[in-house]
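Here is a friendly walk through some charged side-chain contacts. Have the viewer ready and follow along.

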Amino acid sequence: MRKRASLQRHLSLGLAIGVSVMWIAATAAAALIVRAELDEVFDSAMQETAQRILPLAVIDIISQGEERPPQRILTIRKHDEHLNYVVRDEKGNVLMRSHDAELAIFPPFEKTGFATTETHRLYSEAAVRGTVTITIAEPLGDRRKATLDAAMALALPLGALIPASFVGVWWLVRRSMRPVHVFGDQIERRGSGDLTPVDTASLPREITPIADGVNRLMERLRRALEAERTFTANSAHELRTPIAAALAQTQRLVAEAPRGPLQDRARDIEGALHSLARLGEKLMQLAKAEGGGLIAAKPHNLVPILSLVANDFTRTAATADRLDLRLPKEPVMSRMDADVFAILARNLIENGLKHAPAGTRVAVSLTSERVFSVSNAGSSVAPEVLKTLTRRFARGETSADGTGLGLAIAESISAGAGARLELLSPASGREDGFEARVYLDVGQA
């Protein structure tokens, strides 16, 4: 499967590379400008040097008379001479030269001004009506070295600036994308159990229309689910009345019928109507579990809800002394809807009581870490069977009467409310038995 491109990575790399290219281009342009400026400065220095030396040379030559030998100007101390010069007469005879001047690099005087050879930059000037000339020579290598040094001075900071730009751009893009990541996390946590609007206050202006569209979509979905729940509730209310009426008439028929086949058939009908009533109730619970409204707007305490559900079982003679309830002293806060948690607890406790051997107790506990569990004794369930128990109408190897929807309802509620249902057999701390454990709010942390 092809890995999807990351917008954050694309923006970070694109901006960082773009900034780096701009830095390099700016440095190259600056180097060209520096080179032109250095050439201008060096040419000005050559021209200034020629115009200062030539008058002095003319005075010295005139003072010595016509019989004057060529002079090599001695240096006071040894040093590298970047500018060499030669003073000549109109016939090209050398009258004066600097101590490092090599005559081979000086071409014959042709005109005043600048000239360039393969190795040197030259400037020539004339005086005394062209009878005395001077030529200044500067090695081109010196200019190249100066230009290279200036370019390196500009380029060296790039070694730190380019990595810093990568880090800075990555940090800025990551910080700018943080509201988008939060927005994505909020949408991911939404489901049929939580259709509350996504907060758009911290989102950038470019993302706000998308968030508004998502909120409108969730609002339409919420209304559709609410209409479905309303239809289910109304249907359940309408079904209960005829079922109750049929059950009452059947019970009256059982009481009035003489003993024999007629009364037995009436009792069979009564049992079928009881099963139908239980099935209708379970189907309504399953519809609620798969609908919306599984998550409350604010956290609430689950301890009194579980205590109330457990008390309902203690009022029945068959289950009065079979629950071993363990509740924490401190509140256990959760965003699972109170009615939804009551349905979850009732189904798991009914399942535990129904499949526990007669005379054994069922352990029901809720911990401060928001873990709700129901465990009972009995034969262990095979692993391959354990995986199928949360399917609708799935029943294990048991003779107990039931609809096969209790664990399916618990699984639907857990998935829709951000919880996790775990089935264990043997039960924890036992060598046999069965345990249903629900980790509450794991998907809302």
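The notes below cover salt bridges and the surroundings of their partners.

This is a predicted model, in which local features need pLDDT of at least 70, side-chain atom pairs count only at pLDDT 80 or more, and totals for chains, interfaces and linings use all residues. Residues are numbered from 1 along each chain as its sequence is written, and side-chain values use heavy atoms, with hydrogens and water left out.

The structure contains 13 salt bridges (a side-chain nitrogen of Lys or Arg within 4 Å of a carboxyl oxygen of Asp or Glu).

| Salt bridge | N to O distance |
|---|---|
| Asp43 and Arg121 | 3.0 Å |
| Asp312 and Arg315 | 3.5 Å |
| Arg346 and Asp312 | 2.8 Å |

Let's take the pair of Asp43 and Arg121, joined by a salt bridge. Asp43 sits in helix α1 (residues 7-64) and Arg121 in strand β5 (residues 120-127), so the pair links distant parts of the chain, 78 residues apart (helices, H or I with at least four residues, and strands, E with at least two, are DSSP runs numbered from the N terminus). Both Asp43 and Arg121 are buried (under 20% relative accessible area, with exposed over 50% and partly exposed in between, for a 1.4 Å probe and protein chains only). A network of salt bridges connects Asp39, Asp43, Arg121, Glu138 and Arg143.

Next comes Asp312, which has salt bridges to Arg315 and to Arg346. The latter pair joins distant parts of the chain, with Arg346 in helix α7 (residues 338-355) and Asp312 in helix α6 (residues 303-314), 34 residues apart. Asp312 counts as partly exposed because its relative accessibility is 27%. Arg346 is also partly exposed, at 22%, while Arg315 counts as exposed because its value is 64%.
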